[in-house]
Amino acid sequence: MNTFFYLKTCSTCKRILEELNLPSSITLQDIKSEAITSDQLDKMKVLAGSYEALFSRRAQLYKSEGLKDKNLQEADYKNYILKHYTFLKRPVLVISDQIFIGNSAKTVAEAQSFINANE
């Protein structure tokens, strides 16, 4: 599953997509128009170590649904990510057996180094 999960309306995702200059073997998946499947999420969880690592606490729904006041478990994180695309920490790049989650400069640099080393 060599896939870049992103939101095409997100300027940060678009900037990172341009920076990474992904090889053509990477599938681009706009998570708003093509929802993440349970199988895809399960595979991401194996690489990330948990659903919580894939979960975005910056999502507006996180606050509006009062989730910050709840004690969420792994099953909850999975269900929320599958329920609404905004709960996925973006972007997520899955390439070979590696996963890069989020938009921090460190994560983007690590993804770029991995891509360059494996071209």
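**Close-up 1. Salt bridges in a predicted model.** The structure holds 5 salt bridges, and since this is a predicted model, the views here show computed features. Side chains of opposite charge can pair when their charged atoms come close. An α-helix has 3.6 residues a turn, so residues three or four places apart point the same way. Glu19 counts as partly exposed because its relative accessibility is 41%, and Arg15 is partly exposed too, with a relative accessible area of 40%.

Close-up 2. With a relative accessibility of 42%, Lys43 counts as partly exposed. Asp39 is likewise partly exposed, at 46%.

Close-up 3. Glu65 is partly exposed at 30% relative accessibility, whereas Lys83, at 56%, counts as exposed.

Close-up 4. Look for Ser56 in the loop between H2 and H3. Ser56 counts as buried because its relative accessibility is 10%, and the cut-off for buried is under 20%. A polar atom of the Ser56 side chain lies 3.2 Å from the backbone nitrogen of Arg58. Leaving aside residues up to four places away in sequence, Ser56 touches Tyr62, Thr86, Phe87, Leu88 and Lys89.

**Close-up 5. Aromatic pairs.** The structure holds 6 aromatic pairs. One of them joins Phe4 and Tyr6 in a tilted arrangement, 5.6 Å centre to centre with 35° between the planes. Phe4 and Tyr6 are both buried. Another pair, Phe55 with Phe87, is stacked: the centres are 5.3 Å apart and the planes make an angle of 10°. Phe55 lies in the loop between H2 and H3 and Phe87 in the loop between H4 and S3, so this pair ties together parts that are 32 residues apart in sequence. Both Phe55 and Phe87 are buried. Ring pairs also link Phe55 and Phe87 with Tyr62, Tyr77 and Tyr80 into a cluster.

Close-up 6. Helix H5 (residues 105-117) has 13 residues, which at 1.5 Å a residue should span 18 Å; its end C-alpha atoms are 18 Å apart, so the two values agree. Which residues of H5 are buried? They are Thr107, Val108, Ala111, Phe114 and Ile115. Down the axis of H5, these buried residues fall within an arc of 125°, so they line one face of the helix. Their cover includes helix H1 (11-20), strand S3 (92-95) and strand S4 (98-101). The face of H5 turned away from its buried side carries the exposed residues Ala105, Lys106 and Ala117.

Note on methods. Residues numbered from 1 in each chain as written. Predicted model: local features only at pLDDT ≥ 70, side-chain atom pairs only at ≥ 80, totals over all residues. Heavy atoms only, no water. Helix = DSSP H or I, 4+ residues; strand = E, 2+ residues; numbered from the N terminus. Expected span 1.5 Å × (residues − 1). Buried < 20%, exposed > 50% of the residue type's maximum accessible area, 1.4 Å probe, protein only. Arc of directions from axis to C-beta. Contact = heavy atoms within 4.5 Å. Salt bridge = Lys/Arg side-chain N within 4 Å of Asp/Glu carboxyl O. Polar contact = N/O pair within 3.5 Å; in protein donor to acceptor, adjacent residues only side chain to side chain. Phe/Tyr/Trp six-rings, centres within 6.5 Å; stacked < 30°, edge-to-face > 60°.
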